[in-house]
Structure formats: C-alpha cells, structure tokens
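Biologist: Before we start, could you take me through this model slowly, and tell me what lies behind each term that you use?

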Amino acid sequence: VSPAEEPGTPGAESSPPRGRDEAVALPASLRTAIVWTLRAGVGLSAGILAVGLIDLAVRGGFSATASGQRVDWSALANGFAVFSPPTVLLVGILVLILTPVLRVILSFALFARQRDGAFAALTLFVLLMLIGSVLIGVTL
Amino acid sequence: VAFPAPLLPGALSTVLLVALIAAVAVGAGMVGALLGLGGGLFMVPALVVLFGLDIHLAIAASLVSVVATSSGSATTYVHEGLSDLRLAMFLEVATVIGGIAGAVVTVTVLAHRSDLLVLAFVPVVVAAAVLMFRSRREDVRREAPRDRVAERLGLRGSYYDERLGRVVVYRASRTGAGLAVSAVAGVVSGLLGIGGGTFKVPAMNSFMNIPIRVATATSNFMIGVTAAAGAVVYALSGQVAVSVTAPVALGMLAGTTLGARWHRFASFGQLKIGFGAILVVAAAVMVLRGAGVIA
C-alpha cells in the first residue's frame, strides 16, 4: 500500500474540518472505473484509427481538408459498414471524443449513488454542458 | 464553412506523409505529457509551418489529439493517485463552458480569419512564459487564506512525494480565482486547440496553493473533458480533417505514454527547463511565421 493512498496526514495543516474525511477520500471504485473507462475508450479509438490509417495507406484517399458538412449519421453508419477509410477514421475520432463524456457520466452516477449532492450536481452540470456542445456541433 | 485549400506537398506519398505527421506528433505528445500542457502549443504551429495546413484544421486536429493525450496519461496519474479528482471535477465546470465558447468562436466568427488565429498564438506563448517564470522560484507552499467553498467541497488532499520522501498535505485556496483562470484556459483551449495546462498549472500552484505535481496531474485529467467539449463542436460540424487528425492523435498518444512514464523521474528543474524549451520553440516559430521568414 502506497502512503499516497492515505489521506489526511495529521499535523501538517492547522485544524482540518472534522467529519468530512470520508468524503474527501474518493472511493477507490471511482478511481478504478475512471481508469478503465479511459483505457477502454482510448484503446478502442486507437485501434479503429490504426486500422483506418492502414486502410488509407493501402487504398489511398489522403485528404488534408475537412468535409465542412455536418455529420450525417446514416451515411456514417453506411460508410463504416462498407469500410470507407474517411468514415472509419471519423468513427475513431468520435469514439475518442466521447470517452471523457463517458467518464463524466460514470462520475455523476457514482457521486449520486454515494449521495454526494454537491459533486453529483457539479458533474451533472458538466454533463449538461457537454450535451449542449453536441447540440451546438450538429446545428453549426 | 469552406476553408482555403491547404498547401500540402503533393509529391509525398500517403505513407510517408502520415508517418511524418505521426513522428512530429510523438515529439509534441512526449513534451506535453512531461509538462501537463497537452502538446498542442507545439502541435498546432508544427502542422501549420511544417505541413502547410490551414490553422483551423491544425487546431481541430490538435484538440482531438489533446483528448487522447490527456486520457492516455491520465490513466497513469489517476492510478498513482496524483490527480485530485474532486478538484478536477470542480474546475471542469468552468473549463468546459470556456472550451465550448472558444470552439464556437473559431468555427463561426473566425472561420475565415486564419491570420487572427495565428496572431492569437503569440500572446498565449508570452503569457505561458511569464506564468512559468513567475512560479519558478517556489513550489507554492506559503500561507494561503482559507476558502469556504474549498472547505465545503473538501478540496484538499495529500500525496506521497518520492523525491521529498514524505507525504505532502495540501488544501485548496482561492477557488474563485481558480474558476476564473480555468474558464480562460478553457476558452484558449477551444479557440486554439491547446490543452490549456499552460495556464492552469501555474495558476493552481500559485493561486490555489496546490503542489505543482498534483496541479500538473489534475490539469492533465481535466484537459480531456475540456478538449472534448470543444472537439465535439469541430467534429460534428465537419471541421476535422480526418486523415491528418488520425496520425496526429496516434502519434501524440504514443508520445504521451512515453512522457508519462518519464514524468516521475523528472525533477522540478527539468520540468521547468523542458517547459521553457518548448515555449522558446513555439515563440520562435510564430515570430518567424509572422515576419514571413517561413511560409
């Protein structure tokens, strides 16, 4: 057990507020869940991007431009099904971007289950902002 | 929104071009992980100057990659207990709003103003240098006023410092200033495609009284959500060049993994010298570009 796992070493700070130490120590489950969410999301997207890049190298089609078009979800699904390199890469990028969002959802759920009202509210607010960014992205 | 066609060297084959972009990204990611700034400050000028990419596309590619950089190295920091997750989730409230606002401005108001975006990098680099030298002498640890919000939310903690050989206890202070700086860092992140750790780490250190190693690890963790908020706007509105972004993301991810592994072996001095070196490179690139010395 690393000493870093033991919060609140006494004596170093003057009069720490009593009764909140169990709240200060984040549950190990949240830390573990966050680490695995991030690992899984980044690993999955890196895999998709690597496959897409190999495909791009083999079949060509490198483009240093953006589509300039809003994401067309049905075209995205079709493109991924037929393995069109740009679509595969876009899916990899979207999986990557959604990974931290998943982490926020997870944090919110765990704080809510712990009845930590303040942090459940903070994470819910961040989540609502992220949903807002999706709405902005699809309307621009 | 249509961007001017980028000037990529047409003679290079796809494989070589992708490999070159990825190699540059590995270097940017490595430095970014060591310094907690995400590598974007280096990546954006590199894509513009070395590869002739339009700065909008460079910003989008960098921002998407910063998500990978943060998430990749965050697993190491979080696992080691260096990231203060409560502090991160508190400050994310401000960084996410800023990140979305910055991205919206680049995609809409500045859609055809590549010149302004290039110029905007200069004050960012200067501010980063000033902040670095300001916090150079001490690693915080002076008396800070008690903060009611921080006490209410339990924003304090401790970590085991291998170099000091003891547990370091800290308590967050000046949460208002912390939120303000986080919001600005978020705007800069979404606007210019960088992580924003440049501003958050020294601010968390000198304003909020957070030890620099915890600040670095915590900032790095926050950057994932901050960059994602902006990257969503770029990606869903079709402003991401996928063939460029993929090698940048994979390269920066690889560089970050290496950098995070070395993080524990780097001393404060080495961290700051590394920080200084990257800033000098970034500043030189932008000044040369502004003066028209390089295209």
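Biologist: At what angle do helix α2 and helix α3 of chain B pack, and how far apart are their axes?

Modeller: Helix α2 (residues 40-51) and helix α3 (residues 55-79) of chain B pack at an angle of about 145°, and their axes are 9 Å apart. Axes are lines fitted to C-alpha atoms, for helices over the stretch in contact, and the angles run from 0 to 180 degrees between N-to-C directions. The helices themselves are DSSP runs of H or I with at least four residues, while strands are runs of E with at least two, and both are numbered from the N terminus. This is a predicted model, in which local features need pLDDT of at least 70 and side-chain atom pairs count only at pLDDT 80 or more, whereas totals for chains, interfaces and linings use all residues. Residues are numbered from 1 along each chain as its sequence is written, chains are lettered from A and ligands numbered from 1 in the order in which they are written, and side-chain values use heavy atoms, with hydrogens and water left out.

Biologist: What makes residues of α2(B) and α3(B) count as meeting?

Modeller: Contact means heavy atoms within 4.5 Å. Among the residues of α2(B) that meet α3(B) are Met43(B), Val44(B) and Leu47(B), and their partners in α3(B) include Ile55(B), Ala58(B) and Val66(B). The residues of this contact divide into 9 nonpolar, 2 polar and no charged; here Ala, Val, Leu, Ile, Met, Phe, Trp, Tyr, Cys and Pro count as nonpolar, Asp, Glu, Lys and Arg as charged, and the others, Gly among them, as polar.

Biologist: Why is Val125(B) called buried?

Modeller: Buried means under 20% relative accessible area, exposed means over 50%, and partly exposed lies in between, with a 1.4 Å probe and protein chains only. Val125(B), which is found in helix α5 (residues 114-134) of chain B, has a relative accessible area of 5%, so Val125(B) is buried.

Biologist: How do you know whether Arg174(B) and Asn209(B) are buried or partly exposed?

Modeller: Arg174(B), in the loop between β2 (166-171) and α7 (175-192) of chain B, has a relative accessible area of 34% and is therefore partly exposed. Asn209(B), in the loop between α8 (197-206) and α9 of chain B, has a value of 12% and is therefore buried. Arg174(B) has a positive phi of about 45° although it is not a glycine, and Asn209(B), also not a glycine, has a positive phi of about 70°.
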